[in-house]
Amino acid sequence: MTSRRGLLYFTLSEIEPRIWFMLTGCNFRCRGCFRPARDGGGTLLSPEETLDRAEQACLRHYGKLPGKAMITGGEPTLNRDFLIALVSGLRDKGFSEIVLMSNGYELGLEDSYASELVDSGLTEAHIDIKAFSDDIHRWYTGQSNKPVLRGVELMHDTGVELLIQTVYMPGIVEANEIEQIAEFLSSIDRGIKYRINPFAPAFAYERVSRRPTIEEIEYAYKLASRHLDNVIISRSCYREFPTPPSQETWITVYPDLTIKRRTIQDQEEDRIAWLSRTKGLTREEIIQALERDNPTYRMELERVIALTSDSKRKEA
Ligand code: SF4
């Protein structure tokens with residue numbers, strides 16, 4: 001029997017019909033994690049139950065099934081049987097784009113995992129390379145990056161659409177680390193898409209770094225672009241290429257199929273509650289320590305995102 005997996009909620013896009021699966025639990029303990037799904041919880045469901053509730057959520061909101069599914073978490077690859085059954089179930093329901101968002105670790109532990117996912121219907125994989133130096137990776141995530149790098153190679157070998165991402169963290173993962181990652185990727189294929197995201201300290205589990213300056217990110221972009229043809233700068237929490245426009249609200253559908261239209265403030269509240277619960281601090285203590293971006297930084301970041309995304313679109 002296929003194992004069950006915790007589902008925190010589904011997210012439905014308001015920009016175009018598409019659904020995200022937020023699965024719980026993770027094999028990493030990234031110091032800068034900002035995902036409450038990391039810690040498990042949610043509702044335990046079989047792949048069939050998950051698919052059935054996803055279908056009901058989409059039919060109620062869109063009146064039809066969308067073509068695109070994004071599987072994220074937490075870390076979706078933890079239960080191999082569950083994930084493969086979920087992917088093949090999505091394909092059987094007619095989804096034409098099935099995207100996996102992963103830290104890559106499990107994908108590199110078993111040679112056949114990536115190809116089995118693609119054979120089951122996976123069409124795209126987004127994998128994070130948190131650091132190139134193994135000691136930094138171990139310090140930041142608690143695990144070696146060797147399986148991650150292997151996972152990237154194995155996923156590339158399948159021929160599936162691939163996007164790799166790294167978070168720029170001043171003092172930890174800076175331009176030199178990013179250039180080494182770009183060199184590694186170019187040794188596989190210089191056409192691999194690569195995104196650099198700025199570290200966002202506001203809701204990080206540990207505030208291990210600060211926001212990089214725009215100049216720091218641009219410099220890393222320049223170095224990575226020496227080795228790769230498809231580098232872009234992005235925001236921290238989106239995993240698409242190019243970066244999509246900002247959204248004001250998201251439709252969240254919980255496993256019991258209750259629906260809530262959530263704003264950025266609602267998402268902030270979830271993270272405040274998570275940090276408060278896991279760190280034993282009051283809500284007020286968390287809020288007092290929040291460090292929000294100033295509007296100028298936001299505007300500048302949007303400008304470089306537009307520049308780097310636009311040049312890639314024109315080249316495409
Ligand atoms: S950032 Fe992602 S990979 Fe890292 S601990 Fe959080 S959920 Fe896991």
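Mentor: Start with strand E8 and strand E9 (residues 230-233), which pair in the parallel sense over four bridges. Strands pair if DSSP finds at least two bridges between them. Helices (H or I, at least four residues) and strands (E, at least two) are DSSP runs, numbered from the N terminus. This is a predicted model: local features need pLDDT of at least 70, side-chain atom pairs count only at pLDDT 80 or more, and totals for chains, interfaces and linings use all residues. Residues are numbered from 1 along each chain as its sequence is written.

Trainee: Which residue is the bridge partner of isoleucine 196 in E9?

Mentor: Isoleucine 233. E8, helix H7 (residues 214-225) and E9 also make a right-handed β-α-β unit. Right-handed has a set meaning: with the strands pointing away from the viewer, the path from the first strand over the helix to the second runs clockwise.

Trainee: And which strand pairs with E8 over six bridges?

Mentor: Strand E7 (residues 161-168), again in the parallel sense. There, valine 167 stands opposite asparagine 197 in E8. The chain gets from E7 to E8 through helix H6 (residues 175-188), and that β-α-β crossover is right-handed.

Trainee: How many residues of E8 are buried?

Mentor: Five of the six residues in E8 (residues 193-198) are, so the strand is largely enclosed by the rest of the structure. Buried means 20 or more other C-beta atoms within 10 Å of the residue's own, exposed means 12 or fewer, and partly exposed is in between; C-beta atoms are placed from the backbone.

Trainee: New topic. What about E5?

Mentor: E5 is mostly covered, with five of its six residues buried. Strand E4 (residues 68-72) runs parallel to E5, joined by four bridges. Alanine 69 stands opposite isoleucine 98 in E5. From E4 the chain crosses through H2 to E5, a right-handed β-α-β crossover.

Trainee: Where does the chain go from E5 through H3?

Mentor: To E6, by another β-α-β crossover that is right-handed. E5 and strand E6 (residues 124-128) pair in the parallel sense over four bridges. Methionine 101 has histidine 126 in E6 as its bridge partner.

Trainee: Which residues of helix H3 are buried?

Mentor: In H3 (residues 113-120), they are Ala114, Leu117 and Val118. Down the axis of H3, these buried residues fall within an arc of 95°, so they line one face of the helix. That arc is taken over the directions from the helix axis to the C-beta atoms.

Trainee: What do they pack against?

Mentor: Helix H2 (80-92), strand E5 (97-102) and helix H5 (146-158). Contact means C-beta atoms, placed from the backbone, within 7 Å. Just after H3, glycine 121 takes a positive phi of about 130°.

Trainee: Let's switch to the ligand. Which residues surround the ligand?

Mentor: Cys26, Phe28, Arg29, Cys30, Cys33, Arg35, Arg38, Gly74, Glu75 and Asn103. Near here means a C-beta atom, placed from the backbone, within 6 Å of the molecule.

Trainee: Last one. Is leucine 257 buried or exposed?

Mentor: Leucine 257 counts as exposed, because it has 11 C-beta neighbours inside 10 Å. Its phi is near 75°, a positive value in a residue other than glycine. Leucine 257 lies in the loop between strand E10 (249-253) and strand E11 (259-263).

Terms used: Contact = placed C-beta atoms within 7 Å.
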